[in-house]
Amino acid sequence: MTEALSKPSTGSFPTERSKECPFDPAVGYLEFREKEPIARVSCPAGIDAWLVTGYDDVRTVLNSPGLSSAVPVMGHANPQADFDTPINPGSIIQSDGEAHARLRRLLTAEFTVKRIQALRPYIQKLIDDHIDAMLASTEPVDLVRDFALPIPSLVICELLGVPYEQRDRFQQQSGILTSVDVDPDVAIQANAEIQGFVAQLVVDKMRNPTDDLISRLIARAQDSGQPLSVEELVVLGLSLLVAGHETTANMIALSTVALLRNPDQLDELRANPDLVPSAVEEMLRYLSVVQFGLFRAITEDIPLGDETLRAGEWLVASLASGNRDTSAFPNADQLDVHRKASTHLAFGYGAHQCLGQQLARVELQQVFSTLFTRIPTLRLDIPFEDLRFKDNTLVYGVRSLPVTW
Amino acid sequence: MRVTIDEDGCVGAGQCVLAAPDVFDQRDEDGIVVLLDETPAPHLHDATREAAVLCPALVIHLAE
């Protein structure tokens, strides 16, 4: 590595959140943003990286040529990050340039504003059915298990064309994958089962195409003259499953907690349902659940502010910190459902910006135009202080959310 | 205001369609941007500027 080219690290990658406000990003970001917005830090994975914490710089750097995404996911923040295994072909989030553009263009038709709008009634029905079930339940309700997880999971099943009779099992196993309190052996087994499941799904759709994302993806790639291999299709299917499931599920549960902790904001939202779309953008900004930011390899020198980020070095662009930058969002630490927050960085920025963002928006909009209307007295069933948050997973959230009404 | 787009750089995120649906659309077959109105009327200027700011690939260019 060429670490010697740049200044030595001046601090550690921030990971500790404040005990008072679990919605705020790790406390260390504020100081970096104010004093050293382009800093060198030591990361938990044992590498040094550039840490970019200001809103404008994050946007600039994520749109720079000379960045590569072909890196281990969360490679900076995970002490067990694996830098040796080659990246899978078909891993859209870990590909660059032409290879990335090819994969992305095969999928963008599935996530257009128009196509996702057409899913709204289906999503609303899922939400209504799950609220009915919670209201009818005689058992204690966990909003994560009973609402936030199954809804995005079932939407992805519908999109991918998972047969109805397999959806319960699929959802159960993917729930294990996204859980933090699970026995490692159980997680390995669930992972293997999901991989096998997606592989079988891909093979089935190759033989018997139906009207679903995977079948259309296979056909589209064939028509383009560059068919996707089974391996690529499985990796793409798994990426869509994980990305489409975990992020939205955590946003649903965490946003619910944030609204319950900001009752004035919740009251405004209830009084004026037209605020839901802007409130959703604001919750995306305020909560920034991709908590450790985006990790990239620098492949060509990038001038940024007073620094030059050198080829061969690592970069972390902090979405959570950029989203709390007061130069972009006045009173950035306040949740404000009236704010025009659509320029937030929660979906990333640049060519890799979240492919499924329109789907996430529609799911969150339908949830927050329904949940507190159908269950107006919804409240926590345990003291707020007893909630446990996911401090060490890629996607931030609450581990479980006991609620009553 | 005159709008131009760099179709090759478009990543199909759909931000422009949300911000200014009278000015931008997406092709059904690959989600790539379609410019509906090269010279939007003044009441659409703010929304068009917002679309240009939101575009994650910076492919919307405005001459004002």
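Two residues are in contact here if their C-beta atoms, placed from the backbone, lie within 7 Å. The model is predicted, with local features needing pLDDT of at least 70 and side-chain atom pairs pLDDT 80 or more, while totals for chains, interfaces and linings use all residues. Residues are numbered from 1 along each chain as its sequence is written, and chains are lettered from A in the order in which they are written.

**View 1. H7(A) packs on H11(A).** Helix H7 (residues 150–160) and helix H11 (residues 230–261) of chain A pack with axes 8 Å apart, at an angle of about 155°. That makes the pair roughly antiparallel (angles over 145 degrees). From H7(A), A:Pro152, A:Ser153, A:Ile156 and A:Leu160 meet residues of H11(A), among them A:Gly237, A:Leu240 and A:His245. Sorted by class, this contact has six nonpolar, five polar and no charged residues.

**View 2. Where chain A touches chain B.** Chain A brings 17 residues to the contact and chain B brings 16 residues. On the chain A side, helix H3 (97–107), helix H4 (113–117) and helix H15 (357–368) supply at least two residues each. That side divides into five nonpolar, nine polar and three charged residues.

**View 3. A:Met74, a non-glycine residue with positive phi.** Phi of A:Met74 is near 60°. You'll find A:Met74 in the loop between strand S4 (67–68) and H3 of chain A. With 21 other C-beta atoms within 10 Å, A:Met74 is buried (20 or more).

**View 4. B:Leu58, a non-glycine residue with positive phi.** Here phi is near 55°. B:Leu58 sits in the loop between helix H2 (45–54) and strand S4 (60–63) of chain B.

Technical notes. Helix = DSSP H or I, 4+ residues; strand = E, 2+ residues; numbered from the N terminus. Nonpolar A, V, L, I, M, F, W, Y, C, P; charged D, E, K, R; others polar. Axes fitted to C-alpha atoms, helices over the stretch in contact; angles between N-to-C directions. Parallel < 35°, antiparallel > 145°, perpendicular 65-115°, else oblique. Buried ≥ 20, exposed ≤ 12 C-beta atoms within 10 Å, placed from the backbone.
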